[in-house]
Amino acid sequence: MKQRFAGVCLSPLGRESVCKADAQYIASHGLSVVDCSWNRIEETPIAQIRSGPPKLLPFLVAANPVNYGRPAKLTCAEALAAALYICGWKEQAELVMSKFKWGHAFFSLNGEYLDAYAECETAQEVIGTQNRILSQGHTRVARDLPPTMSSDEEDDDDDEEDDQGASGNDDDDDDDG
């Protein structure tokens with residue numbers, strides 16, 4: 001945390017969404033994510049992180065096994081893939097998620113949203129698109145769990161200590177991939 005990272009940082013301190021307009025800056029300076037647990041956010045010295053512009057992600061749904069179907073509970077990998085996709089690097093986003101058995105599900109759940117966000121040039125357009133998506137009731141939740149997970153398993157997951165990253169995203173990247 002003492003060393004400065006010049007690139008865009010996906011962080012809960014962001015004030016605007018990542019968007020296509022960030023692509024050139026990310027290409028030159030890089031992209032990172034804050035890997036922290038929202039359960040212990042007060043203990044995480046996020047404000048001390050020295051990076052380029054902090055950015056948020058728009059509405060997306062987790063595909064990771066711990067938080068499948070839950071809005072904004074993304075792993076670090078999901079967050080990075082989302083930012084890459086939104087900035088126009090779909091193949092790189094797919095490469096990131098290909099490392100996980102469940103990675104394809106991220107695009108199955110969010111493909112429509114990611115495509116819409118990737119059409120936006122500015123952060124304001126991304127937020128406008130997000131608001132339209134939400135107003136149309138496109139909010140997948142735990143009821144969309146795959147048949148292999150029971151509601152009892154889902155309740156057990158609530159008790160686990162989750163690592164979370166940008167935009168309130170869970171970062172339990174230790175799941176098999």
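These legends describe close-up views of a predicted model.

View 1. Lys55 pairs with Glu16, with 2.6 Å from N to O. Lys55 sits in strand 3 (residues 54-55), and Glu16 in the loop between strand 1 (8-10) and helix 1 (23-29). Lys55 has a relative accessible area of 4% and is buried. Asp22 is buried as well, at 9%. Glu16, at 37%, is partly exposed.

**View 2. The salt bridge between Lys20 and Glu121.** A search of the whole structure finds three salt bridges; one of them joins Lys20 to Glu121. The closest N and O atoms of this pair are 3.7 Å apart. Lys20 is in the loop between strand 1 and helix 1. Glu121 is in the loop between helix 4 (103-118) and helix 5 (123-135). The pair links distant parts of the chain, 101 residues apart. Lys20 is partly exposed, with 26% relative accessibility. Glu121 is partly exposed too, with 42%.

View 3. Three strands make up an open sheet, and their order is 2-1-3. The pairing is parallel. Strand 2 (31-33) and strand 3 stand at the edges. Each has a single partner strand, so one side of each is left without a neighbour in the sheet. Strand 1 and strand 2 run parallel and are joined by three bridges. Leu10 has Val33 in strand 2 as its bridge partner. Helix 2 (residues 76-86) packs on the sheet and touches strand 1 and strand 2. The direction of helix 2 makes about 150° with that of strand 2.

**View 4. The surroundings of Leu114.** Leu114 belongs to helix 4. Its relative accessible area is 0%, so Leu114 is buried. Neighbours within four places in sequence are left aside here. Beyond them, Leu114 is in contact with Leu60, Ala82, Tyr85, Ile86, Phe106 and Phe107. For Ile86, the C-alpha to C-alpha separation from Leu114 is 6.2 Å. Leu114 and Ile86 are 28 residues apart in sequence.

**View 5. The contact of helix 3 with helix 4.** Two packed helices are described by the angle between their axes and the distance between the axes. The axes of helix 3 (residues 90-97) and helix 4 come within 7 Å. They cross at roughly 130°, which makes helix 3 oblique to helix 4. On the helix 3 side, the residues in contact are Ala93, Glu94 and Met97. Helix 4 meets them with Gly103, Phe106 and Phe107. By type, the contact holds four nonpolar residues, one polar and one charged. Phe106 and Phe107 are also among the contacts of Leu114.

Technical notes:
Residues numbered from 1 in each chain as written. Predicted model: local features only at pLDDT ≥ 70, side-chain atom pairs only at ≥ 80, totals over all residues. Heavy atoms only, no water. Salt bridge = Lys/Arg side-chain N within 4 Å of Asp/Glu carboxyl O. Helix = DSSP H or I, 4+ residues; strand = E, 2+ residues; numbered from the N terminus. Buried < 20%, exposed > 50% of the residue type's maximum accessible area, 1.4 Å probe, protein only. Pairing = 2+ DSSP bridges. Contact = heavy atoms within 4.5 Å. Axes fitted to C-alpha atoms, helices over the stretch in contact; angles between N-to-C directions. Parallel < 35°, antiparallel > 145°, perpendicular 65-115°, else oblique. Nonpolar A, V, L, I, M, F, W, Y, C, P; charged D, E, K, R; others polar.
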